[in-house]
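The following note is intended for a student who is meeting this model for the first time. Please read each numbered point with the structure in view.

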Amino acid sequence: MKKLALTASFLTAAVVAASAFAQMGPGGGMGPGGMGKGRFAWNQTYTPGWTLMTPEERTAWQAQMREVKTYEECVATQEAHRKVMEERAKEKGVQLKPPRQNGCDVMKARGIIK
């Protein structure tokens with residue numbers, strides 16, 4: 001029985017690790033193709049209302065934010081998104097949490113936008 005439990009634990013850990021690596025994409029780390037300069041992950045850390053969005057909306061949001069070229073455009077896009085998410089949160093009777101970090105500031109610091 002212990003052998004079965006140990007095997008199940010190992011397989012679970014392997015599946016979790018494999019899915020984490022699969023989500024990183026090519027390169028995985030901070031180098032080319034990873035999350036270094038030129039790449040940025042718009043996710044729950046930088047996006048207010050992330051949990052109120054459908055997977056399709058999240059994908060569209062990420063694509064939209066990857067298209068911004070300047071800091072001002074980034075901020076304007078974020079503000080428009082926040083207004084939509086505030087309305088959605090109000091309709092659902094929940095409090096919209098602020099982002100943990102300002103993604104536009106991070107993108108500017110990394111040289112992704114001007």
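1. C74 is buried, because its relative accessibility is 0%; buried means under 20% relative accessible area, exposed means over 50%, and partly exposed lies in between (1.4 Å probe, protein chains only). C74 touches W42, M65, V68, C104 and I113, leaving out residues up to four places away in sequence. Such a contact means heavy atoms within 4.5 Å.

2. The model is a predicted one, in which local features need pLDDT of at least 70 and side-chain atom pairs count only at pLDDT 80 or more, while totals for chains, interfaces and linings use all residues. Residues are numbered from 1 along each chain as its sequence is written, and side-chain values use heavy atoms, with hydrogens and water left out.

3. Which residue is the disulfide partner of C74? The partner is C104, and the two sulfur atoms lie 2.0 Å apart; a disulfide is defined here as a pair of cysteine sulfur atoms within 2.5 Å. The pair links distant parts of the chain, with C74 in helix 3 and C104 in helix 4, 30 residues apart. The torsion about the S-S bond is about -90°, so this disulfide is left-handed. C104 also counts as buried, because its relative accessible area is 0%. The structure holds one disulfide.

4. C74 belongs to the largest nonpolar core, which has 15 residues; W42, M65, V68 and C74 touch the most other members. A nonpolar core is a set of buried Ala, Val, Leu, Ile, Met, Phe, Trp, Tyr and Cys residues joined through side-chain atoms within 4.5 Å. Helix 2 (55–67), helix 3 (71–92) and helix 4 (103–109) each supply at least two residues of this core. In soluble globular proteins, nonpolar side chains tend to be buried together.

5. Helix 3 has 22 residues and reaches 31 Å from its first C-alpha to its last, close to the 32 Å expected at 1.5 Å a residue. The expected span is 1.5 Å times one less than the number of residues. The buried residues of helix 3 are C74, T77, Q78, H81, M85 and A89. Seen down the helix axis, these residues fall within an arc of 110°, so they line one face of helix 3; the arc is that of the directions from the axis to the C-beta atoms. They pack against helix 2 and helix 4. On the other side of helix 3, E72, K83, K90 and E91 are exposed. After helix 3 comes G93, with a positive phi near 70°.

6. P99 is found in the loop between helix 3 and helix 4. P99 counts as partly exposed because its relative accessibility is 31%. Leaving aside neighbours within four places in sequence, P99 is in contact with T45, Y46, T47, P48 and R82. The C-alpha atoms of P99 and G49, 50 residues apart along the chain, are separated by 8.7 Å.

7. The protein has four helices and zero strands; helices (H or I, at least four residues) and strands (E, at least two) are DSSP runs, numbered from the N terminus. Of its 114 residues, 25% count as buried.

8. Where is confidence lowest, and where is it highest? Confidence is lowest in helix 1 (residues 2–24), at a mean of 41, and highest in helix 3, at 95. The mean pLDDT of the protein is 74.

Conventions. pLDDT is the predictor's confidence in each residue, from 0 to 100.
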